[in-house]
Amino acid sequence: RQRPEVESAQRLNTFQAQSTRSDPYANLQHNLDTLELAEAHGLSRGDGATVTIIDTGADFEHPELAAAIRTHRDFADAGFFAGDAHGTAIAGIIGAASGNGFGIVGVAPEARLHILRACWYPEGKTAAVCDSFTLAKALSHALESDTGLINLSLGGPPDALLARLLEHAISRGVMVV
């Protein structure tokens, strides 16, 4: 803290991915009526939008996601990437293909998705975790890209470094969810 070249110092915080449940078939997605998704898709299906998902990895070969996922990077260096359930579920909620006779429909099925893995599954655990360092690396990478929206499905303690990065994203017009 006393060194002039150090902007700030803080503890390494831990965060937990927020659990979501995704039904396997669109006709079981009762929230679509609440969201008036059919009407919303009449206005926009996400065409031209870039969404960065900072989470666990995602199945970039999944038939619902293969066309939508443009890039995937691993900032957690924690092993297997493509089978991570939480990131795949979040990517599906956002960008699952529609009209393909398979699975569910995403809120923005024509959006371009960038999957940045900052969270991982600790051995023997079913909930994914992240930390300040991996999240900061992923957020910094997202800020260097052309993303219009960053999705972070996680919760944890206040974090000064992440708050500054998120404030910077918002000041640049990036929507953060």
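1. In H4, the buried residues are Ser 132, Thr 134, Leu 135, Ala 136, Ala 138, Leu 139, Ala 142 and Leu 143. The model is a predicted one. An α-helix has 3.6 residues a turn, so residues three or four places apart point the same way. That spacing can be followed in H4 through Leu 135, Ala 138, Leu 139 and Ala 142, which are among the buried residues.

2. Helix H4 runs over residues 132–143, twelve residues in total. From its first C-alpha to its last, H4 reaches 16 Å, close to the 16 Å expected at 1.5 Å a residue. The N-terminal end of H4 is capped by Asp 131, with a side-chain oxygen of Asp 131 placed 3.0 Å from the backbone nitrogen of Phe 133.

3. What is the order of the strands in the open sheet? The five strands run S3-S4-S2-S7-S9, with parallel pairing. Strand S3 (69–74) and strand S9 (175–176) are the edge strands, and each pairs on one side only.

4. Within this sheet, strand S2 (residues 50–55) pairs with strand S4 (residues 112–117) in the parallel sense, over six bridges. Thr 52 has His 114 in S4 as its bridge partner.

5. The largest pocket has a volume of about 300 Å³. It is lined by 15 residues, and those closest to its centre are Val 51, Ile 94, Val 107, Ala 108 and Leu 149. The lining divides into nine nonpolar residues, five polar and one charged.

6. Which elements each supply at least two residues of that lining? They are helix H3 (85–95) and strand S7 (149–152). The largest share, three residues, comes from H3.

7. Ile 94 deserves a separate entry. This residue lies in helix H3 and is one of those closest to the centre of the largest pocket. Ile 94 counts as buried because its relative accessible area is 14%, and buried means under 20%. The C-alpha atoms of Ile 94 and Ala 111 are separated by 8.2 Å, with the two residues 17 residues apart along the chain.

8. Ser 153 sits in the loop between S7 and strand S8 (154–155). Is Ser 153 buried or exposed? Ser 153 counts as buried, because its relative accessibility is 14%. The side chain of Ser 153 is joined to that of Asn 151 by a polar contact of 3.0 Å.

Definitions and conventions:
Residues are numbered from 1 along each chain as its sequence is written. This is a predicted model: local features need pLDDT of at least 70, side-chain atom pairs count only at pLDDT 80 or more; totals for chains, interfaces and linings use all residues. Side-chain values use heavy atoms; hydrogens and water are left out. Helices (H or I, at least four residues) and strands (E, at least two) are DSSP runs, numbered from the N terminus. The expected span of a helix is 1.5 Å times one less than its number of residues. Buried means under 20% relative accessible area, exposed over 50%, partly exposed in between (1.4 Å probe, protein chains only). A polar contact is a pair of N or O atoms within 3.5 Å; within protein, one must be able to donate a hydrogen and the other to accept it, and residues adjacent in sequence count only if both atoms are side-chain atoms. On a 1 Å grid over the protein atoms alone, a cavity is a set of points where a 1.4 Å probe fits but cannot get out, and a pocket is an open set with protein on both sides within 12 Å along at least five of seven lines; lining residues have an atom within 4 Å of a point. Grid points are joined across faces, edges and corners, and a volume is the space filled by probe spheres set on the points. Ala, Val, Leu, Ile, Met, Phe, Trp, Tyr, Cys and Pro count as nonpolar, Asp, Glu, Lys and Arg as charged, and the others, Gly among them, as polar. Two strands pair if DSSP finds at least two bridges between them.
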